[in-house]
Amino acid sequence: MLVFSYGLMIGIFVSLIGGGGAALYLGVLTSQLGLATAVAVPTSLLVALPALFFGFLTQMRIKNVDFHVGNQMILAAIPGILVGTISAQFIPQKLYNWIVGTIFIVMGGMVLLKAIRRQKKSRESAQQIWIARGFGLLSGLMVGIGGLSGGATTAAGLTILGLTAVEAAGTATYVLTTMSAISLVGHLFTSTFAWQAGWLLMIGAIIGAIIMPLVIRRLDLAKVNRVLTPFLGLLIIYFGIKMFI
């Protein structure tokens with residue numbers, strides 16, 4: 001039951017910030033279920049994908065998904081995943097951590113700056129399309145190189161592009177569901193899964209991912225965004241700092 005509670009909390013959390021939550025799933029699988037890291041990493045992907053998918057369906061139902069921007073990110077992310085997967089074996093883990101940590105800190109700062117300035121959205125500009133593709137490529141590279149680590153980058157990129165924090169979280173579930181599915185296909189041929197170990201975690205995460213968007217919808221979205229946008233920025237900066245520790 002404790003594992004289910006962990007899954008529920010993770011599902012709520014990742015639905016709130018628009019992340020994949022792989023690091024959180026990985027922590028539970030290794031520390032609570034005792035899985036070896038080599039098995040826990042692909043299993044965390046298996047656990048994360050259904051919660052992302054059901055969270056995406058809920059976000060789509062309440063119209064929090066910007067498919068236009070999301071599709072631009074996905075198209076750019078696919079080659080990023082392929083290149084990242086191939087190049088991962090040549091990048092030292094310490095160097096990878098420094099690169100990702102720096103990116104997180106910079107992007108978190110940009111999200112905070114946007115929250116302070118309260119910039120208005122500009123969805124149809126050609127510049128925004130190329131920015132979306134750039135963030136998509138970056139997220140794809142991070143997914144390919146280090147697994148499901150592109151969630152914070154995706155959510156931050158969407159927020160910087162002008163989506164509200166709520167819309168960024170919803171659109172991120174769409175982008176990450178697609179990227180995770182592509183990554184999972186590759187792992188099916190190369191990795192070992194603990195198929196039964198994570199099922200309670202998975203069920204809890206699915207429930208959390210479904211209920212959280214419905215709860216947010218009943219709140220004052222203007223107030224939610226005023227709190228959630230700077231929170232997202234600080235959280236991404238925290239993730240960046242953790243990469244250096």
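Of the 245 residues in this protein, 49% are buried, where buried means under 20% relative accessible area, exposed means over 50%, and partly exposed lies in between, with a 1.4 Å probe and protein chains only. Before going on, a word on the source: this is a predicted model, in which local features need pLDDT of at least 70 and side-chain atom pairs count only at pLDDT 80 or more, while totals for chains, interfaces and linings use all residues. Residues are numbered from 1 along each chain as its sequence is written, and side-chain values use heavy atoms, with hydrogens and water left out.

The fold next. There are 10 helices and zero strands, taken as DSSP runs numbered from the N terminus, H or I of at least four residues for helices and E of at least two for strands. If we define a contact as heavy atoms within 4.5 Å, then among contacts between residues at least 6 apart in sequence, 84% join residues at least 24 apart.

Now the interior. A nonpolar core here is a set of buried Ala, Val, Leu, Ile, Met, Phe, Trp, Tyr and Cys residues joined through side-chain atoms within 4.5 Å. The largest one has 30 residues, and V69, M73, M107, F135, L158, L161 and M179 have the most contacts inside it. Which elements give two or more residues to this core? They are helix 3, helix 4, helix 5 (93-117), helix 6 (126-146), helix 7 (151-160) and helix 8 (165-190). Helix 8 gives the most, with six residues. A second, separate core has 16 residues, including I10, V47, A48 and A205.

On to the aromatic rings. Rings of Phe, Tyr and Trp, the last by its six-membered ring, pair if their centres lie within 6.5 Å; planes under 30 degrees apart count as stacked, over 60 as edge-to-face, and the rest as tilted. That rule gives five aromatic pairs. In one of them, F53 and F54 have ring centres 5.7 Å apart and planes at 75 degrees, so this pair is edge-to-face. F53 is partly exposed at 36% relative accessible area, and F54 is partly exposed at 35%.

The pair of F56 and F67 is also edge-to-face, because the centres are 6.1 Å apart and the planes stand at 80 degrees. F56 sits in helix 3 (residues 37-61) and F67 in helix 4 (residues 67-87), so the pair ties together parts 11 residues apart in sequence. F56 is buried, with a relative accessible area of 10%, whereas F67 is partly exposed, with 34%. Together with Y174, F56 and F67 form one aromatic cluster.
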